[in-house]
Amino acid sequence: MSTMRDFRIWRGDETGGALVDYQVEVNEGEVVLDVIHRLQATQAPDLAVRWNCKAGKCGSCSAEINGKPRLMCMTRMSVFAPDETVTVTPLRTFPVIRDLVTDVSYNYEKARQIPAFAPPPDLRPGEYRMMQVDVERSQEFRKCIECFLCQNTCHVTRDHEENKRVFAGPRLFIRAAELDMHPLDTRKDRKEFAQAEQGLGYCNITKCCTEVCPEHIKITDNGIIPMKERVVDRRYDPLVWLGSKIFRRRS
Amino acid sequence: MTTTATGTEVRSRAKITARTLRTDRWWLAPLLTVLGLLAFVVYATIRAFMGRYYWVDDYHYLTPFYSPCMSQSCIPEAAHFGRPLPEFPGFIPLAVISLPFLLAFRLTCYYYRRAYYRSFWLSPPACAVAEPHAKYTGETRFPLVLQNFHRYFFYAALIISLINTYDALLAFNTADGFGIGLGNLILLGNVLLLWAYTLSCHSCRHIVGGRLRHFSRHPVRYWAWTQVSKLNARHMQFAWITLGTLVLTDAYVMAVSAEWFSDLRFYN
């Protein structure tokens, strides 16, 4: 069954823009991205939108739908009331290129700054067998599809552009956690890096990153807070510091 | 690049002036949080400074708001650990030894931080809703950098939970020997939930095993970590439930102590 639905799409570029109203046909079972494609095909052939897999796995079609950061391909039209206007805007934290497409290169620049995985230099292929329990925490973070919805919704940079210089954001915090929890990583300075270079202390754990994650990664509970606690071990806990000096052990 | 009070108005970003385009009731959760936390703070403040109706002599019920009671101002029977401290003036709560640590434990708790940063400080009030502050430095500076001391307050809360457990167990020993009443069940239930809240703490999760890199080399700590992780997933629920059970327990002890009604006894 098809119906005509009201859409408001932000059209423009960095020089300016506005929300434009459309009436579009919507069929049963469709998602927002399907409707955007129909809009492109029938009324707005110059509408810019980034998409790829249409299956919630490539992280390309991130946008804000009725003000909430979401993947367009994973947002069913059935979640809206039949008479509800659906407003689609680009991610509001990143520079807009055109219409629904933003420049997300900030995230890649921050990713490049993280020291790479560093296994023991003398370890040869096949010499180490990892137990599942040792890597399952890191594996949760490997589910990340880099849609950057968490980066977009984090108020540290969303509401304070100046913090982009000193704050890496939740996606990069779980990358730091993934490496710091990895049993084969030999770097000992990841906690200091997270605090001093990534701006971990700016996070006030309001959990919006976790709320918007389409992969349901527990970014705050399993990534950011454990990293904060690891920083506390090194910076604020004299007992742990003393124990590591006396017993010369590393967890 | 020009920055303004609200980051979403930066020149290179999409020109959308609305603070948020959310159409749901995003303001409801922070509003309920404010009301819930304020109600508890008001009740707890009144009770902490009331200085009476904290001990039921017949059944040895002691409210957690007055435990441990160690001042000369305390009723002697309620002082399970003696009264080494002098008499307190009215503006000092009788449980001054424990209350500041419990307050600090909850203030620095990762869940409560989320709750009050959102609802009281509006930073942010809800996801994708612009906060009103011009500058933001998070927990990088004094005083918020002190949030990093959460684990020390967790250690204190562990000791206080032991004391509360001791109080609850002592209450089974009434003036006429072993007995059980509704007050016992309330005290016991409160203590169990306080343990659940305390042990579900994120710092506890880290200390018991979260800081390890090789779980397989520490099977006991890994097991402990998995158990605490299960509790940790419900930390928010325990945070709210224990506020409720604390009030319920205290109000029940107060009511029985003030003889508004008598305790429902099941045995002796």
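## Buried cysteines and a link between chains

A residue is buried when its relative accessible area is under 20%, exposed when over 50%, and partly exposed in between, using a 1.4 Å probe and protein chains only. Cys127(B) counts as buried at 4% relative accessibility. The model is predicted, so local features need pLDDT of at least 70, side-chain atom pairs count only at pLDDT 80 or more, and totals for chains, interfaces and linings use all residues. Residues are numbered from 1 along each chain as its sequence is written, chains are lettered from A and ligands numbered from 1 in the order in which they are written, and side-chain values use heavy atoms, with hydrogens and water left out.

What is the partner of Cys127(B) in a disulfide? The partner is Cys208(A), and the two sulfur atoms are 2.2 Å apart. A disulfide here is a pair of cysteine sulfur atoms within 2.5 Å. Cys208(A) lies in helix 8 (residues 208-212) of chain A, while Cys127(B) lies in the loop between helix 3 and helix 4 of chain B, so the pair joins two chains. Helices (H or I, at least four residues) and strands (E, at least two) are DSSP runs, numbered from the N terminus. The link is left-handed, with -95 degrees about the S-S bond. Cys208(A) is buried, with a relative accessible area of 4%.

Over all chains, the count of disulfides comes to two. Cys69(B) and Cys74(B) form a disulfide with their sulfur atoms 2.1 Å apart. The torsion about this S-S bond is about -90 degrees, so the disulfide is left-handed. Cys69(B) is buried at 0%. Cys74(B) is buried at 2%.

Cys147(A) is in no disulfide; its nearest cysteine sulfur belongs to Cys150(A), 6.3 Å away. Cys147(A) counts as buried at 8% relative accessibility. Cys109(B) is in no disulfide either, and the nearest cysteine sulfur, that of Cys201(B), is 6.7 Å away. Cys109(B) is buried, with a relative accessible area of 0%.

Most residues other than glycine have a negative phi, and most peptide bonds are trans. Ala128(B) is not a glycine, yet its phi is positive, about 65 degrees. Ala128(B) sits in the loop between helix 3 and helix 4 of chain B. Asn66(A) also has a positive phi, near 50 degrees. Asn66(A) sits in the loop between strand 3 (62-65) and strand 4 (68-71) of chain A. Both are buried: Ala128(B) at 4% and Asn66(A) at 5%.

Chain B has cis peptide bonds too. One joins Ser67(B) and Pro68(B), with omega about -5 degrees. Pro68(B) lies in the loop between strand 2 (61-62) and helix 2 (99-107) of chain B. Another joins Ser123(B) and Pro124(B), with omega about -5 degrees. Pro124(B) lies in the loop between helix 3 (110-119) and helix 4 (150-170) of chain B.

## Two crossing helices

In chain A, the axes of helix 6 (residues 170-180) and helix 9 (residues 219-235) come within 9 Å and cross at roughly 65 degrees. That makes helix 6 of chain A roughly perpendicular to helix 9 of chain A. Angles under 35 degrees count as roughly parallel, over 145 as roughly antiparallel, 65 to 115 as roughly perpendicular and the rest as oblique. Axes are lines fitted to C-alpha atoms, for helices over the stretch in contact, and angles run from 0 to 180 degrees between N-to-C directions.
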